[in-house]
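Here is a short note for a colleague who is opening this structure for the first time. Please keep the view open while reading the points.

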Amino acid sequence: MSDAAQPSAAEVRAAAEAVKAALDRHLDAVERRSGQDDPAVYAAFDELAAAAEVYDELLYDTYDEVTPFEIPGSDALPAYAGPEEPSALSLLIRRDYTVAEPQRLLHQAQRIADLDPDAADEAAGSSADAAAVVGTSVHAALGVLFGEFEPDEIASRHKEFGLEEGDSTLWVAAADDPAEPGEWLSAPFDQADPQRVVCRFDVSAVFDEELDDDDLETPDRGR
């Protein structure tokens, strides 16, 4: 931070007072919470985290000092704020893959293109050598693959196509009314609102690693 933008001692003091007030509000919300997932507690937690971050930054910029505590962020969704009885749903899906075996991918795409030349035209352009391009271009091969098979089938057969699975997630989000045909196709994910997610399902290798660590830490009571 430049000298011209250096915060004043008064700003640091005000930020400290904001942290104190946020602490009081957080404790009050915890004491009054109506259940395990009380939205007031979540909101107070976020306010406390934001106030502490501001104070920490101002303290460092002004005095070159840091606080002895850190409020961890949360990867959980915010409290649900959608309709109690949703009349429509949107499924938001992300699946990550690595192209682990490019030659296998190219071979499978070429096989599809040989059986269905139209698939090659759509992926590589309608040219005389479109089918040949599919067998040499990973970009075109992916277009053929995902144009030919449903995402669920690719997920179940990913190794066959030379792909390796990464993390995946599925969000089930509530909507007030069904969308009109074509309404969101130009920007399909812009309307994603975490507060309208009814439930989510995550798959990641990190979960398997955590289970393995738990197994190592758990004593064998059978011996």
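1. Start with a cut-off. A residue is called exposed when its relative accessible area is over 50%, buried when it is under 20%, and partly exposed in between. Asp152 has 52% relative accessibility, so Asp152 counts as exposed. Bear in mind that this is a predicted model.

2. Now see what Asp152 does. Its side chain meets that of Arg95 in a salt bridge, at 2.8 Å from N to O. The pair links distant parts of the chain. Asp152 sits in helix H7, residues 151-156, while Arg95 belongs to strand E1, and 57 residues separate them. Is Arg95 exposed or partly exposed? Arg95 is partly exposed, at 31% relative accessible area.

3. One place to look is Tyr97, which stands opposite Glu165 in E2.

4. Next, the loop between E2 and E3. Asp176 and Arg196 form a salt bridge through their side chains, at 3.0 Å from N to O. Both residues lie in this loop, so their pair ties together parts that are 20 residues apart in sequence. Asp176 is partly exposed, with a relative accessible area of 43%. Arg196 is partly exposed too, with a value of 22%. The cut-off for buried is under 20%, so a residue at 22% is not called buried.

5. Other charged pairs deserve a look. Side chains of opposite charge can pair when their charged atoms come close. How many salt bridges are there? The count comes to 10. Among them is the pair of Arg104 and Glu101, whose side chains meet at 3.5 Å, N to O. Arg104 is partly exposed, at 38% relative accessibility. Glu101 is partly exposed as well, with a relative accessible area of 38%.

6. Some salt bridges share partners. In this way Glu153, Arg157 and Glu160 are joined into one network.

7. Turn to the loop between H2 and E1. Asp64 is found there. Asp64 is not a glycine, yet its phi is positive, at about 60°. Is Asp64 buried or exposed? Its relative accessible area is 53%, and exposed means over 50%, so Asp64 counts as exposed.

8. Tyr80 also lies in the loop between helix H2 (39-63) and strand E1 (88-99). Tyr80 is partly exposed, with a relative accessible area of 34%.

Notes: Residues numbered from 1 in each chain as written. Predicted model: local features only at pLDDT ≥ 70, side-chain atom pairs only at ≥ 80, totals over all residues. Heavy atoms only, no water. Helix = DSSP H or I, 4+ residues; strand = E, 2+ residues; numbered from the N terminus. Buried < 20%, exposed > 50% of the residue type's maximum accessible area, 1.4 Å probe, protein only. Pairing = 2+ DSSP bridges. Salt bridge = Lys/Arg side-chain N within 4 Å of Asp/Glu carboxyl O.
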